[in-house]
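The tour below goes from one selection to the next and says what is to be found at each stop.

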Amino acid sequence: MATVLLVEDDHVVRGAMLRSLSERGHAVHAVGTALDALRRVAAETPDLVVLDLGLPDLDGSDALRMLRGITDVPIIIATARDDEQSVVRLLRAGADDYMVKPFTGAHLDARITTVLRRVGRASRTVAPAVHTVGGLRVDVGERSAVLDGEPMALTRKEFDLLAYLAARPGRVVSRRELLEEVWRQPSVGEDQTIDVHLYWLRRKMGESAAKPRYLRTVRGVGFRLVAPD
């Protein structure tokens, strides 16, 4: 059984999918807007999201990008759009699978099972890492970070950013790489996203861009995480 967040604005389709997945043993929560989906994912962590593209408040591709900014749970796109260009674009933007309407509940259930199996297999084949840089310790498996013996209270994306940099100590990581690997977004016009997260991460680490300890900016190139001198 999986906890599934169903994002679908058509109440008839939403009801049919909810009933079908519930009958197959899944715990299903359904919302009809992108904003409600973002709120739900921020408050709770479902095992998987089924995301319709034709939402009333936000295009589904934009909703996908925003969801990928706060979560790494698997996302299956469910839509009537079937052109190859859209499929490729959405998969590259962070979707884990893509289904074209109409489809049966059995088909959706099979896709959910397959995606969760693939994600679970990938997580088992790589041992969770623990990265230590100076007085900073980042445990990827436990999703915890400790600085000079004190636990850090980080948001999901702040932790992802810190863990990515901690796994590459001393190496300069470009903005483009961070957007593609941490945010799973195309590297176009999202510099502010990185700057905001770095600002709050630095504050929680007791430093600033003007007086860095661990997080160093390499002007015009990117960022690197190093042990303090």
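Two strands are taken to pair if DSSP finds at least two bridges between them, and both strands (E, at least two residues) and helices (H or I, at least four residues) are DSSP runs numbered from the N terminus. The model is a predicted one, in which local features need pLDDT of at least 70 and side-chain atom pairs count only at pLDDT 80 or more, while totals for chains, interfaces and linings use all residues. Residues are numbered from 1 along each chain as its sequence is written, and side-chain values use heavy atoms, with hydrogens and water left out.

**First stop: the sheet.** Select S10, S12 and S11, which in that order make an open sheet of three strands with antiparallel pairing. The edge strands are S10 (173–174) and S11 (215–218), each of which pairs on one side only. Strands of a sheet pair through backbone hydrogen bonds, either parallel or antiparallel. Between S11 and S12 (residues 222–225) the antiparallel pairing runs over four bridges, and if you pick Arg216 you will find its bridge partner, Arg224, in S12.

**Next: helix H1.** Select residues 11–23, the 13 residues of H1, whose first and last C-alpha atoms lie 18 Å apart, close to the 18 Å expected at 1.5 Å a residue; the expected span is 1.5 Å times one less than the number of residues. At the start of this helix, show Asp10, a side-chain oxygen of which reaches to within 2.9 Å of the backbone nitrogen of Val12. Which residues of H1 are buried? They are Gly15, Met17, Ser20 and Leu21, where buried means under 20% relative accessible area, exposed over 50%, and partly exposed in between (1.4 Å probe, protein chains only). Just after H1, Gly25 takes a positive phi of about 95 degrees.

A salt bridge here is a side-chain nitrogen of Lys or Arg within 4 Å of a carboxyl oxygen of Asp or Glu, and a search of the whole structure finds twelve of them. Select Arg39 and Asp36, whose closest N and O atoms are 3.7 Å apart in such a bridge; the two are separated by about one helical turn because they stand three residues apart in H2 (residues 34–43). Arg39 is exposed, at 53% relative accessible area, whereas Asp36, at 31%, is partly exposed. Arg40 forms a salt bridge with Glu44, with closest N and O atoms 3.4 Å apart, and here Arg40 is partly exposed at 26%, as is Glu44 at 39%.

Move on to Lys157 and Asp160, whose side chains meet in a salt bridge of 3.5 Å, N to O. These two residues are likewise three apart, in helix H6, and about one helical turn separates them; both are buried. Elsewhere, salt bridges that share partners join Glu8, Asp52 and Lys101 into one network.

Thr155 sits in the loop between strand S9 (150–151) and helix H6 (156–166), and it is partly exposed at 39% relative accessible area. A C-alpha to C-alpha distance from Thr155 to Ala42 gives 9.9 Å, although the two are 113 residues apart in sequence. To finish, select Tyr199, which is found in helix H8 (residues 191–204) and is partly exposed at 46% relative accessibility.

Key. A polar contact is a pair of N or O atoms within 3.5 Å; within protein, one must be able to donate a hydrogen and the other to accept it, and residues adjacent in sequence count only if both atoms are side-chain atoms.
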